[in-house]
Amino acid sequence: MTMHKTVDVNVDAMIEDLRTLVEIESPSRDLDALMASAKAVAAVIESRLGRQAILVESEAGPHVHWSAGGDPKVLILGHHDTVFPLGTLERCPFTVEDGHATGPGVFDMLGGLVQAVHGLATLDDRSGVEILVTADEEVGSRSSRALIEERALACGAVLVLEGAADGGALKTGRKGCGTFQVSVAGRASHAGLEPAAGVNALIEASHQVLDIAALGRPDIGTTVTPTVASAGTLDNVVPAEATVIVDVRVETADEKERIESAFAALAPHLDEAKIAVQGAISRPPMPESASAELFAVAKQLLPDLEGKAVGGGSDGNFTAALGVPTLDGLGAVGGGAHADHEYLVIEVMAERANLVAGLVNAIRNT
């Protein structure tokens, strides 16, 4: 792959910045760790781009916001929280070997952040560019969503630095996703002496699991997957309580409405059992139409690029739902997201940094 214009990006410097960020562990919800991580992200941005990065406090930890000034035109969007608990680094240290960088969060998504910053650093004029790096993407973005949406609307175009899809493809569409919890209340009784006096919450939950699984429509991209269940206290007690947690993915707004209505309408099968449902499809679908314009620009810069619609959600779902042009998967090329073997391919870091710079220039010139 070749770009129409190449600029000098120092890969060794990118790797050192990546090492700095990976070696400050940043599990979601750990406020002390996230504060340290946010300060490190801000320091990397300031050292490479100048101008101060602002820490935006939130109940989920600090978000990092940087602006080059001028009329806002493009938002670089990412997150600095990871799914890895403290101590992962000791087991899986940052390593550069055989053309790969490995370590917790290297692919999802610290590598993408570093590439974006170094790509922007090659631009003499950075006016109109903003960077927003949030602290809670891995846990639903509840504290950052309003800020994400505000800056996306202000800028009018969003580049999401999540890791690339398989083979280095950009992510041109994403499913909407959410989690539901179904709680069942029954009545306890002695399983041997008087089982009929109880209302078995586990049996009721089993009925609900089958009803819920039947809501899936994989032929149109809707998956409804019960993932976690719990019930009961002792082996000789009829269970009085049970819970079922369900992962849901949808491709369209119509399916979002159908699924949410279906969960609200769940009804008990057993007399005297009661059901309560919590949850929603919290990330709306990102239709491929939202990325079409920006993906066409990316293809002009790198003609061999491919685009894929994927099942996972990101903060790009929120910006696309607002009608703001959004292109995702611009970050690291690699794989193993959320796993100990997470990795980044070093030889394409410079190319992806240049791609971000090229997109920024193209967006500002339209």
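Some ground rules first. The model is predicted, so local features need pLDDT of at least 70 and side-chain atom pairs count only at pLDDT 80 or more, while totals for chains, interfaces and linings use all residues. Residues are numbered from 1 along each chain as its sequence is written, and side-chain values use heavy atoms, with hydrogens and water left out. Helices (H or I, at least four residues) and strands (E, at least two) are DSSP runs, numbered from the N terminus.

Start with the six-stranded sheet. It is open, it has mixed pairing, and its order is S1-S2-S6-S3-S7-S14. Strand S1, residues 53-56, and strand S14, residues 326-327, stand at the edges; each has a single partner strand, so one side of each has no neighbour in the sheet. Pairing here takes at least two bridges found by DSSP between two strands. S7, residues 158-160, pairs with S14 in the parallel sense, over 2 bridges. Leucine 159 has leucine 327 in S14 as its bridge partner.

Keep an eye on leucine 159. Beyond its neighbours within four places in sequence, leucine 159 is in contact (heavy atoms within 4.5 Å) with residues including Val74, Ile76, Leu294, Leu327, Leu359 and Val360.

That brings us to the cores. A nonpolar core is a set of buried Ala, Val, Leu, Ile, Met, Phe, Trp, Tyr and Cys residues joined through side-chain atoms within 4.5 Å. Buried means under 20% relative accessible area, exposed over 50%, and partly exposed in between, with a 1.4 Å probe and protein chains only. The largest core has 59 residues, and those with the most contacts inside it are Leu18, Ile76, Ile131, Leu159, Leu327, Leu359 and Val360. The elements giving it two or more residues include H1, H2, S2, S3 and S6. H4 gives the largest share, 9 residues. Another core lies apart from it, with 18 residues, among them Ala201, Ala242, Val244 and Ala262.

Now the helix on this sheet. H5, residues 145-155, lies across S1, S2, S3, S6 and S7, and runs at about 155° to S3. Angles run from 0 to 180 degrees between N-to-C directions, and axes are lines fitted to C-alpha atoms, for helices over the stretch in contact. Which residues of H5 are buried? They are Leu147, Ile148, Glu149, Arg151, Ala152 and Cys155. Their cover includes S1, S2, S3, S6, S7 and helix H9, residues 316-321.

Next, the packing of H1. H1 and H2 pack at about 160°, with axes 9 Å apart. They are therefore roughly antiparallel. On that scale, angles under 35 degrees are roughly parallel, over 145 roughly antiparallel, 65 to 115 roughly perpendicular, and the rest oblique. Ala13, Asp17 and Leu21 of H1 meet Ala40, Val41, Val44 and Arg48 of H2. H1 and H4 pack at about 135°, with axes 9 Å apart. That pair is therefore oblique. The contact includes Ala13, Asp17 and Leu21 of H1, and Leu110, Val114 and His118 of H4.

On to the four-stranded sheet. It is open and antiparallel, in the order S10-S11-S9-S12. S10, residues 223-231, and S12 are at the edges with a single partner strand each, so one side of each is left without a neighbour in the sheet. The twist averages 15° from one strand to the next. S9, residues 176-185, and S12 run antiparallel, joined by 8 bridges. Alanine 280 in S12 is the bridge partner of threonine 179. Helix H6, residues 201-213, lies across S9, S10, S11 and S12, at about 10° to S11.

Follow the chain out of S12. Proline 284 lies in the loop between S12 and H8. Is proline 284 buried or exposed? It counts as buried, at 14% relative accessibility. Proline 284 touches residues including Arg145, Lys175, Asn317 and Phe318. Its C-alpha is 8.5 Å from that of alanine 320, which is 36 residues away along the chain.

Last, S8. S8 pairs with S13, residues 307-310, in the parallel sense over 4 bridges. Glycine 307 in S13 is the bridge partner of leucine 170.
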